[in-house]
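Here's a quick briefing to read alongside the model. Have the viewer open and follow along.

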Amino acid sequence: MTSNEFKRDDLLFSLCGLNCSLCPMFIRGGCTGCREGSSCYLICEFAPCSIEHGNIDYCFECDEYPCEKYDGVDLYDSLISHKNQLKDMEKAKTIGIENYRAEQRVKKGILNRLLNEYDAGHSDVFFCLAVNLMEVNDLNKIVNEADELTKNMNLDEKSSFMKDALNNWAVKRNISLKLRH
């Protein structure tokens, strides 16, 4: 039996595959995650579909996944990158949602470190994007190396160093750290 309300327990990984916990709007408190009443819900074409299909938590649980709603979904970004949306959804489906959530908690911890220790007040969107698109092992390596190399730097210098380090690593991995609108 379907409900006419959009209900979700996981507010950190969206129905359609976006990592809400790594979104600047979520971090700033401007969005409450993938749920009824959130800023994303108001424009979401996936939420009504979830209700129609028994209030599924993730699109990959639907027999019709991936449907036409995913056509071109990774071509443009909102305040969060959509580049890995399908890849992340497939990863969650393959390794299981609990394992995927565990990995995202690690990424959220890395993001918190970047914001607390390397953000001079204007890098949150960049750090969110980098953590969303890069692999945990790469991120840990970059942050651990930066901790050593930036010990005697002020916050502005540390922030600049970290942005350069993330950009350089991303180039090696053929990852663009720019939002596309």
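Predicted model: local features only at pLDDT ≥ 70, side-chain atom pairs only at ≥ 80, totals over all residues.

Residues are numbered from 1 along each chain as its sequence is written, and side-chain values use heavy atoms, with hydrogens and water left out. Helices here are DSSP runs (H or I, at least four residues), numbered from the N terminus.

**Pocket and cavity**

- Rolling a probe the size of a water molecule over the atoms shows where empty space is left.
- On a 1 Å grid over the protein atoms alone, a cavity is a set of points where a 1.4 Å probe fits but cannot get out, and a pocket is an open set with protein on both sides within 12 Å along at least five of seven lines; lining residues have an atom within 4 Å of a point.
- The largest pocket comes out at about 600 Å³, a volume being the space filled by probe spheres set on grid points that are joined across faces, edges and corners.
- Of the 32 residues lining the largest pocket, Leu18, Cys40, Ile43, Ser78 and His82 are the closest to its centre.
- Helix H1 (24–27) and helix H2 (46–52) each put at least two residues into the lining of the largest pocket.
- By residue type, that pocket lining splits into 19 nonpolar, 8 polar and 5 charged (Ala, Val, Leu, Ile, Met, Phe, Trp, Tyr, Cys and Pro count as nonpolar, Asp, Glu, Lys and Arg as charged, and the others, Gly among them, as polar).
- As for cavities, the structure has 1 of 30 Å³ or more, and the largest cavity has a volume of about 40 Å³.
- Lining the largest cavity are Leu22, Pro24, Leu79, Ile80, Ser81, Val125, Cys128, Leu129, Asn132 and Leu179.
- Helix H5 (residues 124–133) gives the most to that cavity lining, with 4 residues.
- The cavity lining counts 8 nonpolar, 2 polar and no charged residues.

**Helix H6 and Val143**

- H6 (residues 136–149) has 14 residues and spans 20 Å from its first C-alpha to its last, close to the 20 Å expected at 1.5 Å a residue (the expected span is 1.5 Å times one less than the number of residues).
- Val136, Asp138, Leu139, Ile142, Val143 and Ala146 are the buried residues in H6 (buried means under 20% relative accessible area, exposed over 50%, partly exposed in between, with a 1.4 Å probe and protein chains only).
- Looking down the axis of H6, these buried residues fall within an arc of 160°, so they line one face of the helix; the arc is that of the directions from the helix axis to the C-beta atoms.
- On the other side of H6, Asn137 and Glu148 are exposed.
- The buried residues of H6 pack against H4, H5 and helix H7 (155–172), contact meaning heavy atoms within 4.5 Å.
- Val143 is buried, with a relative accessible area of 2%.
- Leaving out residues up to four places away in sequence, Val143 touches Ile110, Arg113, Leu114, Tyr118 and Met162.
- Val143 and Tyr118 sit 25 residues apart in sequence and 9.7 Å apart in space, C-alpha to C-alpha.

**Helix H7**

- H7 has 18 residues and reaches 26 Å from first C-alpha to last, close to the 26 Å expected at 1.5 Å a residue.
- Its buried residues are Lys158, Ser159, Met162, Leu166, Trp169 and Ala170.
- Viewed down the axis of H7, its buried residues fall within an arc of 105°, so they line one face of the helix.
- Asp156, Val171 and Lys172 are exposed on the other side of H7.
- The buried residues of H7 pack against H4, H5 and H6.

**Gln104 in H4**

- Gln104 belongs to helix H4 (residues 97–117) and is buried at 7% relative accessible area.
- Beyond its neighbours within four places in sequence, Gln104 contacts Asn19 and Leu22.

**Backbone and loops**

- Tyr65 and Pro66 are joined by a cis peptide bond, with omega about -10°; Pro66 is in the loop between H2 and H3.
- Asn55 is in the loop between H2 and H3, and has a positive phi of about 60° although it is not a glycine.
- Asn55 counts as buried at 15% relative accessibility.
- Asn174, in the segment after H7, has a positive phi near 60° and is exposed at 72% relative accessible area.
- Gly72, in the loop between H2 and helix H3 (85–95), is partly exposed at 35% relative accessibility.
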